[in-house]
Amino acid sequence: MTASSTRRTTVARTRTAAVGAIAVAGALILTGCGDQTDSGGSSNESASSSKAPLFDKLPAKIQKAGVIKVGTNAEYAPMEYQEGGKIVGVDPDIAAALGKQLGVEFQFTSGSFDGLISSLNSGRYDVAMSSITDTKARQEGLDDKGKKLGPGVDFVDYFTAGTAIYVQKGNPKKIGSIDDLCGQKVAVQHGTTYEQALQKQSTTCTKAGKKKLDIEAFDNDTEAQTRVKSGGAVAGVNDYPVAVDIARKADGGNAFEVVGEQVDAGPFGIAVNKENKELTSALEAAVNAIIQDGTYKKVLDKWGAQTGAVDKAAVNGGK
């Protein structure tokens, strides 16, 4: 959720909007969190154990609790989604691997994407991990017009993804790129970087003498997909691995197809409160550890997400 989401970068988002945007930080600083779904997350290490190699790097409060509380929007397969009452996907599996390095359990709770960062900064979560595109605006707590709306967050970057366009199977409107969306109705998840990217593309269209985009923003990505499937919108935009997964699985692969190439790849980051530098440092070390020991690659291979692999963790690497 690429990013502003979504859940999950720009299209020209890519949820490359993140938990990126569109009213970028603005949407993310909204207070509503919606219904919550809990999932046990990750590590088999004892909560009080110091045997894990990076346990001592954690803040004392988290060492004592034995848990890192994670906010997510579990509607974004294969990155994070619900199956059999559990939250599963790339992010939960990466978190489980991080938990083994840190000696604590990552416990996921699902809520609305555009409320994740505000809930993180209010103390509801220790981190937010939901395909959130790391952007300067989110780091600084700015909306899409540069207005300061909150303190912002720090990001530990662990994955990259670009924007992709998906359409009905057969591509009846012959959409080939973002430029072909001028004058068309497009579906997107609200609060993602894709929404902002579409708004910018709409301005580009009008400056070129073409009709603006008709953007329909929904509370969750499933609603956006339904709109495209029904023909109510000619296309949807999403992070590349998510769009590919949608096209592969929906109606046995007969509902959608991805058109054009992945563009504007940007980093997904684990969002952390700016005051919690110790946790940020611990997570950075843990991401590097699972990259080095091969666990990271195994997770991405499992979910077919190899195109998003990074060689090294980064802190606030987004632009």
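Me: At what angle do the axes of α3 and α9 cross?
Reply: Roughly 105 degrees, and the axes of α3 and α9 come within 9 Å. Axes here are lines fitted to C-alpha atoms, for helices over the stretch in contact, with angles running from 0 to 180 degrees between N-to-C directions. Helices (H or I, at least four residues) and strands (E, at least two) are DSSP runs, numbered from the N terminus.

Me: Before going on, what kind of model is this?
Reply: It's a predicted model, where local features need pLDDT of at least 70, side-chain atom pairs count only at pLDDT 80 or more, and totals for chains, interfaces and linings use all residues. Residues are numbered from 1 along each chain as its sequence is written, and side-chain values use heavy atoms, with hydrogens and water left out.

Me: Back to the pair: are α3 and α9 parallel or perpendicular?
Reply: Given that angle, α3 and α9 are roughly perpendicular to each other. The classes are roughly parallel under 35 degrees, roughly antiparallel over 145, roughly perpendicular from 65 to 115, and oblique for the rest.

Me: Which residues make the contact?
Reply: From α3 you have I94, A97, L98, Q101 and L102, and from α9 A282, L283, A286, V287, A289 and I290. Contact means heavy atoms within 4.5 Å.

Me: What else is I94 in contact with?
Reply: Leaving aside neighbours within four places in sequence, I94 is in contact with M129, Y158, I290, Y296, V299 and L300.

Me: And the largest nonpolar core, which members touch the most others?
Reply: I68, I94, L102, F106 and L181, out of the 76 residues in that core. A nonpolar core is a set of buried Ala, Val, Leu, Ile, Met, Phe, Trp, Tyr and Cys residues joined through side-chain atoms within 4.5 Å. Buried means under 20% relative accessible area, exposed over 50%, and partly exposed in between (1.4 Å probe, protein chains only).

Me: Let's do α10. Which residues are buried there?
Reply: Helix α10 runs over residues 295-303, and the buried ones are Y296, V299, L300 and W303. They cover an arc of only 95 degrees around the axis, which puts them on the same side of α10. The arc is that of the directions from the helix axis to the C-beta atoms.

Me: What's on the other side of α10?
Reply: Lysines K297, K298 and K302, which are exposed.

Me: What do the buried residues of α10 pack against?
Reply: They pack against β4 (80-83), α3 (90-102), β8 (153-168) and α9 (277-292). Just after α10, G304 takes a positive phi of about 65 degrees.

Me: Which sheet is β4 in, then?
Reply: An open sheet of three strands in the order β3-β4-β5, with antiparallel pairing. Strands pair if DSSP finds at least two bridges between them. β3 (75-76) and β5 (86-88) are the edge strands, each pairing on one side only. There are three bridges between β4 and β5, and Y81 stands opposite V88 in β5.

Me: Where's the cis peptide bond?
Reply: The cis bond joins A77 and P78, with omega at about 5 degrees. P78 sits in the loop between β3 and β4.

Me: Which residues other than glycine have a positive phi?
Reply: K174 is one of them, with phi near 55 degrees, and D251 is another, near 50 degrees. K174 lies in the loop between β8 and β9 and is exposed, with a relative accessible area of 62%. D251 is in the loop between α8 (240-249) and β12 (256-273) and is partly exposed at 44%.

Me: Changing topic: how is β9 paired with β10, parallel or antiparallel?
Reply: Parallel, over five bridges, with β10 at residues 214-218. The bridge partner of A187 is E216 in β10. β9 is mostly covered, since four of its five residues are buried.

Me: Last one, is Q225 buried or exposed?
Reply: Q225 counts as buried, at 17% relative accessibility. Q225 lies in α7 (residues 221-230), and leaving aside neighbours within four places in sequence, Q225 is in contact with Y166, I246 and F256.
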